[in-house]
Amino acid sequence: MPAPAVILRPRPHWVHLLFVRRGSLVPRILSQQLFIFALSCAVVLLHGQLFHWKVTLTAAPFSLMGVAFAIFLGFRINASYDRYWEARKLWGAVLVEARNLARQALNLATPSTTQREFVLGLVGFATAMRNQLRARPRDTDLAGLLPMDLVERVRTARFGPALILLWLGEWLRTRRDAGELDAIAAQQMEQSLNELSGALGGCERIANTPLPFTYSVILHRSAYFYCMLLPFGLVDSIGIMTPLIVCFVSYTFFALEALSDEIDDPFGTMPNDLALDALVAGIDASLREMLGETPPPAPVPDANYLLT
Amino acid sequence: MPAPAVILRPRPHWVHLLFVRRGSLVPRILSQQLFIFALSCAVVLLHGQLFHWKVTLTAAPFSLMGVAFAIFLGFRINASYDRYWEARKLWGAVLVEARNLARQALNLATPSTTQREFVLGLVGFATAMRNQLRARPRDTDLAGLLPMDLVERVRTARFGPALILLWLGEWLRTRRDAGELDAIAAQQMEQSLNELSGALGGCERIANTPLPFTYSVILHRSAYFYCMLLPFGLVDSIGIMTPLIVCFVSYTFFALEALSDEIDDPFGTMPNDLALDALVAGIDASLREMLGETPPPAPVPDANYLLT
Amino acid sequence: MPAPAVILRPRPHWVHLLFVRRGSLVPRILSQQLFIFALSCAVVLLHGQLFHWKVTLTAAPFSLMGVAFAIFLGFRINASYDRYWEARKLWGAVLVEARNLARQALNLATPSTTQREFVLGLVGFATAMRNQLRARPRDTDLAGLLPMDLVERVRTARFGPALILLWLGEWLRTRRDAGELDAIAAQQMEQSLNELSGALGGCERIANTPLPFTYSVILHRSAYFYCMLLPFGLVDSIGIMTPLIVCFVSYTFFALEALSDEIDDPFGTMPNDLALDALVAGIDASLREMLGETPPPAPVPDANYLLT
Amino acid sequence: MPAPAVILRPRPHWVHLLFVRRGSLVPRILSQQLFIFALSCAVVLLHGQLFHWKVTLTAAPFSLMGVAFAIFLGFRINASYDRYWEARKLWGAVLVEARNLARQALNLATPSTTQREFVLGLVGFATAMRNQLRARPRDTDLAGLLPMDLVERVRTARFGPALILLWLGEWLRTRRDAGELDAIAAQQMEQSLNELSGALGGCERIANTPLPFTYSVILHRSAYFYCMLLPFGLVDSIGIMTPLIVCFVSYTFFALEALSDEIDDPFGTMPNDLALDALVAGIDASLREMLGETPPPAPVPDANYLLT
Amino acid sequence: MPAPAVILRPRPHWVHLLFVRRGSLVPRILSQQLFIFALSCAVVLLHGQLFHWKVTLTAAPFSLMGVAFAIFLGFRINASYDRYWEARKLWGAVLVEARNLARQALNLATPSTTQREFVLGLVGFATAMRNQLRARPRDTDLAGLLPMDLVERVRTARFGPALILLWLGEWLRTRRDAGELDAIAAQQMEQSLNELSGALGGCERIANTPLPFTYSVILHRSAYFYCMLLPFGLVDSIGIMTPLIVCFVSYTFFALEALSDEIDDPFGTMPNDLALDALVAGIDASLREMLGETPPPAPVPDANYLLT
């Protein structure tokens, strides 16, 4: 039996309290956290005094500011997740439309010897799209999927995947001219090429237009400033517990901010970004299976690995 | 008269206060709740002291942290529910497109003897899709719905339902070659196959890409830590009522977190997940009714059962 | 001049403060409200003591819990309203597609005597859809709209409206076979039948898959428990005003919860549910007007009535 | 050079602090505000006593209630704005599809003398749609755009714009029968008629199905009751500043509630509603420009005017 | 190797704390901030007295108002960002459909010498759309892309881009009349023209219908009034720290309000608005690459520049 396509992750809650082996944000926010912790300890030792001058802060304004900040951060997480999820949907559309085109090509009115070429070209499109989004050399992994002259054109082009769509369209025209494809089926396959074009354009949009930069900056500044002032506001009422509480608050704020910073650029290579390599491999496997070939087995998930 | 397709659930509000017979989360969160309860009682007995050292916490920081946490949890519930509801919509699309394809196949220009084969193949598609999403053996329940050689291919394939769509496309081509289907009607049925393909790809996407794991972990940690510190913050002001209030707060937080953990992976077999078996049975019944056959009666809803 | 199709509701704000004649939730929540009121009065009289034991609660934890609860309830209202509005959109789509099909049928290349039969069949579809969603006898109001043998099949079927779509598809085939309809126009009308099928499937989805039941239960329990404890928390600071404030808070929470409970099952017959009978009557009137017949006048809105 | 189609509004922030010349809500909420102000002053003068009995309220419960209310009001604003924006999108779709139909009609395979008649008929559709949504006499402004007998039918019909779509469909059939339009182009134009039909049905839906009335009522009652009790809660701590703060709070709540009440019925004639007359004029101008005629110049925006 | 199309921005967190070189809002809100700062200092110096009269305010009402305001502001940011993102999606659709049309034109059944003319006309459409949205002279940059007489018509028209679509439709008809394009492919290209028309109409909608003006005004007034009163509420408890905290709160509120004011009119030329010039240049480059020409190299991103 084949490896399952869907990997169910176990969720023993206590494990998550202490360990996270994938996508941990601790390395990213560790220096910020240590700074806040050291500051809190200093504030406790000095009883909230700076240079013999008592900083007169109470908890009241922090309650107000904290809730306001949480609301704005909540909206940002939402917007970042929307970007992440839209990007994932667009890659899902690439899989779906590649399958649709392959199905229709394999069921041509008059079967032709070049069907395999077309289907592999679809895999080439997905590969080139990944290369562009990840800013890799544009011809990575394309050899064997596309004709050599097309690979060469893609290698030097700014918008390579669009050229592959053009080539796929030429293939359709050739089939029509050869009488293997009627006008109506050709139109439907053109429609699927349009969908691939739409997924490509959508991913370019997400990659090229980040969240308004200023928004991130305002939130980042507010979080930092808030956590730096917080120990002065708490030290008079909770004393020695101040560093614990401040670190807890700053952990929640910094970690959520760092996470939304990672996922709002979902094509990067940070741990919480989209697993584009696995997605391209899945498209490759599914199309080869439709060609009647045996794809490589699904990757074995280990405990550290989520097939994103 | 047939059993109603729509089951209206009665909602006497007082019943829900004490009992819930389906989808209860209590077993999942019982151990967490007992731990928090025991901790609260210990804090009350010791008057907030650990090893003769008084933990100096007041309610103020908990108000801030609690509201911030509620906001983040609220966004998570929203995102989880969106995943659940999108999955349900995709299964709804499978029903709709299966009916559309059946309607068009049954109204072929030239009726053919293989129409029933095609309609049962649609049921087979839905069945195979459920098998893949639930990681069951891939050929479960497929016998009798699909030709034996296709069942065999699906059994060993990684992406079986896509192969069934390929076979349904071959059926269309055969009908066209036999002159029973004109090009335009065939195009429209291909379009419906594309929709089925889209529903399949969407479900694979939801199954393979969980919510960013780190987000769940941050929230889970924050909830736990918050509830463990809360008794220290409340014991000085509300004394012996501390365990009651702490358990109430932790119940709300833990239960909502557990629920969103269940529904953000909607294809599982936990009580609040989608009832995929009932959905496949509904598709089977509706298509057989269109074939003029008498489907099995609708399941009798008992008080414990909601036809999800 | 005909009665207006759009009823503008007057909104004198002070009227709403005291009276609401339609959709009032007071009957639903009256018993809960009275219980909370009596409990509050008892707490005031006993000065927060139960059996000579003082319940030591302050307002602080209620502020935290109340805001958290409001956030979760806010999300629930949002989700319920989305279900309600999606259901309304689907019924709007039934009207639109019925008009589109009628327009195209009435503009057939070769006019035929059976056009009226087809248009009335569309009204029959909407009627049968309402019957199924409201669990009425499946043939209610169908006589005169559909052929008798189809009415008989619908009466005993589990998924009657899907059978009517099948019959409408047969009508299209017959027209094509008779040369009254070309292939391309037929395809477009099939597309509109697909849209009707989609609206039907969407409504079945909303009717069969409630909001996760456990979510409602958690919120209902939390609201009840919160309102029962609230008087103990307030009595020390606001004394005799406690019942007033507690009733105000519990009214807001209980009423919003009851409303979202009503509208998340929008096909019921509670006052805030969708007015399916009026919607079906509107479809009937619009199609008959297109047939050149004079529909019954629009219902006269009285002050109690909103054409939902 | 023509007047710009896009009017950029200047936004000097300090102007908005004092003046708003368009869409002001002050007239609507003035009586409520004055009542609350007078009540606050009375409470200050009487030191919170009613008939020599001291009203024992503190600020604590108002903080809880105020935040809960803000959350619910926030959701309502969101829902109202969604209705407003969806209505605007539907009117945008009318413009887009009218242009598409005009473009295709003007590029007929065989140009015909009746193209102008068809294009003006599209303007007539938009005009009749506005008349229905605003409950104006149904034939307002239709003379000269549609044939007289059609105007007469629309005048007495309940669903006039649907009859105009029927007439536009007849025009298409006539062109096809005359050989000026091939089947495929006709299908695409029918598709655009379907889109117009969808925009019409969507607007009817928004006009006929308000937000659940009870929801507005609950919020309105809560706001009123809250603002009436607030002075009693604040007078002990902030004394003579009470009226100022209470008026500030009540202004925010009442104004936002009044605004969402205006925009959730976007087809009305209140200042913040959609400018349907300007939208119809824009459609008229754009289509006449495509006909090669010179439309009237764009309205000159004055400081009071936003081309909504 | 070509410059990368996707520019990954580095995110060293500490840099953002102090500097932002692009899209800074400080110039916009500086005068407001200085005013609030001066007011706070004055309040501290005068110990909260105005003309020897003590302003009796505490922090309590500010907590309530601040959270309510944050909720409303959060919804506004959300709505503004939705407008911004929808505008970006519409421009993404222009790129996608322009590529689709170019692909289909370049793969005509019978290649023709006028294909380049058509493809450059698509660039002209995007250019004219930018001119209209930015209220530039309507013929900016159009020379060389469109025939001179069309440029002349566009220059004096109110709705120029719609005229270019009409001209593109004429090109299609000419190709069909010349037998270079069959009816079905022409229909699909008409469909893509419809999509361009939809993107144009959507942008006109966003440009012409701002967020309800009153909503912005209410929020702006509330923010100002709130920040002006805040020092009086805080001075008694936090004394000399008042200006720091007040400036922090007012920075967050004013900056987020200014940002949402910028992005809810996304076609302006403020730093956070859409980079329409870069978008048009990208469309130009991608289409020329499909024509086999070498586009100008991608702009070199410097640290100050984000390719929005």
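Biologist: Where does D:Ala135 lie?

Modeller: D:Ala135 is in the loop between helix 4 and helix 5 of chain D. Keep in mind that this is a predicted model.

Biologist: What is its phi like, for D:Ala135?

Modeller: Phi of D:Ala135 is near 55°, which is a positive value in a residue other than glycine.

Biologist: OK, over to chain B. What can you say about phi of B:Asp141?

Modeller: Phi of B:Asp141 is near 65°, a positive value in a residue other than glycine. B:Asp141 sits in the loop between helix 4 (115-133) and helix 5 (148-156) of chain B. With 17 other C-beta atoms within 10 Å, B:Asp141 is partly exposed.

Biologist: Let's go back to chain D. Which residues of helix 5 are buried there?

Modeller: In helix 5 (residues 148-156) of chain D, the buried residues include D:Leu150, D:Arg153 and D:Val154. They cover an arc of only 100° around the axis, so they are on the same side of helix 5 of chain D.

Biologist: What does the face turned away from that buried side carry?

Modeller: That face of helix 5 of chain D carries the exposed residues D:Met148 and D:Asp149.

Biologist: And what covers the buried residues of helix 5 of chain D?

Modeller: The cover includes helix 4 (115-133) and helix 6 (160-177) of chain D.

Biologist: Zooming out a bit: how many helices and strands are in chain A?

Modeller: Chain A has ten helices and two strands. Along the sequence, the pattern of chain A reads α-α-β-β-α-α-α-α-α-α-α-α. Of the 308 residues in chain A, 59% are buried.

Biologist: Which contacts in chain A come from residues 24 or more positions apart?

Modeller: If you take the contacts in chain A with a separation of 6 or more, 73% of them are between residues 24 or more positions apart.

Biologist: What does UniProt list as "transmembrane region" for chain A?

Modeller: The unreviewed UniProt entry lists residues 34-53, 59-79 and 223-251 of chain A. In the model, residues 59-79 of chain A are 95% helix and 0% strand, with the end C-alpha atoms 30 Å apart. Residues 223-251 of chain A are 90% helix and 0% strand, and there the end C-alpha atoms are 11 Å apart.

Biologist: Now the contacts between chains. How many residues of chain C are in contact with chain D?

Modeller: There are 65 residues of chain C in contact with 59 residues of chain D. Helix 3 of chain C gives the most to the side of chain C that touches chain D, with 20 residues. The residues on that side of chain C divide into 38 nonpolar, 18 polar and nine charged.

Biologist: What about chain E and chain A, how many residues are in contact?

Modeller: Here 66 residues of chain E are in contact with 60 residues of chain A. The largest share of the side of chain E that touches chain A comes from helix 3 of chain E, with 20 residues.

Biologist: Last one: which residues does B:Leu64 touch?

Modeller: Not counting residues up to four places away in sequence, B:Leu64 touches A:Phe62, A:Ser63, A:Gly66 and A:Val67. B:Leu64 is found in helix 3 (residues 60-106) of chain B, and B:Leu64 counts as buried because it has 23 C-beta neighbours inside 10 Å.

Key: Residues numbered from 1 in each chain as written. Chains lettered and ligands numbered in written order. Predicted model: local features only at pLDDT ≥ 70, side-chain atom pairs only at ≥ 80, totals over all residues. Contact = placed C-beta atoms within 7 Å. Helix = DSSP H or I, 4+ residues; strand = E, 2+ residues; numbered from the N terminus. Nonpolar A, V, L, I, M, F, W, Y, C, P; charged D, E, K, R; others polar. Buried ≥ 20, exposed ≤ 12 C-beta atoms within 10 Å, placed from the backbone. UniProt positions renumbered as here; feature names shortened; annotations may be inferred. Arc of directions from axis to C-beta.
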